[in-house]
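Hello,

Here is the structure I promised to pass on to you. Have a look at it first, and then read my notes below.

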Amino acid sequence: MSPVRDLVTFMTSALRAPAVIGAVAPSGRALSDLLASVAPAEGAPVVVELGPGTGVVSAALRRRLPPGARHLAVELDPGMVTHLRRTRPWLEVLQGDAADLQKLLADAGVDRADAIISGLPWTLFPESAQRGIIEQVTKVLAPGAPFTTFAYSHVRSFPTQRRFRGVLEEAFAEVVVTPTVWRNLPPAMAYQCRHPEDA
């Protein structure tokens, strides 16, 4: 798993489909570990990633997850899917749209997730798409299970980011904003969400 190969794959996909990729660079180790930290480290959990990109968060999750875990990743971009299947053979990659999460997981024999970690470019989505994906997330989360995603700190006050935070706060009873991870390019923070309001 070469970081150079990851970066080349990321840049190729970002240039081909910037509205799908959305990030300026793959997440760094510190941010990846923060996102992975919500996943259960014991038992046999089912953990789902949305928009894993080149798989840097996937690698952080692999370091954390116990041997009995099931780790699935939903990725839309064909180039990223090919890259993940070649470089992360231990990862179950489901090619498809996170808006169809419930069906994608059902087709894979999964009806509940013990954690969902997202790398999706939320601020590029219209509000209707944000709400649709978050609704799918809340339908498959096990009771008390976390959902986490990240945002770049420099866009925190942008209207699109404030709107997305509002979507999260409407969907979850608990939304915790982590401190900024300065060792990321650009600096970022995570939203850690639990207890869907409609559960």
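**The sheet and what surrounds it**

Seven strands make up an open sheet with mixed pairing, in the order S3-S2-S1-S4-S5-S7-S6. Strands here are DSSP E runs of at least two residues and helices are H or I runs of at least four, numbered from the N terminus; two strands pair if DSSP finds at least two bridges between them. At the edges, strand S3 (92-95) and strand S6 (172-177) each pair on one side only.

This is a predicted model: local features need pLDDT of at least 70, side-chain atom pairs count only at pLDDT 80 or more, and totals for chains, interfaces and linings use all residues. Residues are numbered from 1 along each chain as its sequence is written, and side-chain values use heavy atoms, leaving out hydrogens and water.

Strand S5 (residues 147-152) and strand S7 (residues 188-196) run antiparallel and are joined by six bridges.

**The cores**

Which residues have the most contacts inside the largest nonpolar core? They are Leu 50, Ile 116, Phe 147 and Phe 172, in a core of 35 residues. A nonpolar core is a set of buried Ala, Val, Leu, Ile, Met, Phe, Trp, Tyr and Cys residues joined through side-chain atoms within 4.5 Å, where buried means under 20% relative accessible area with a 1.4 Å probe, protein chains only. A second, separate core has 20 residues, including Ala 60, Leu 65, Val 155 and Ala 190.

Happy exploring!

Notes
Buried means under 20% relative accessible area, exposed over 50%, partly exposed in between (1.4 Å probe, protein chains only).
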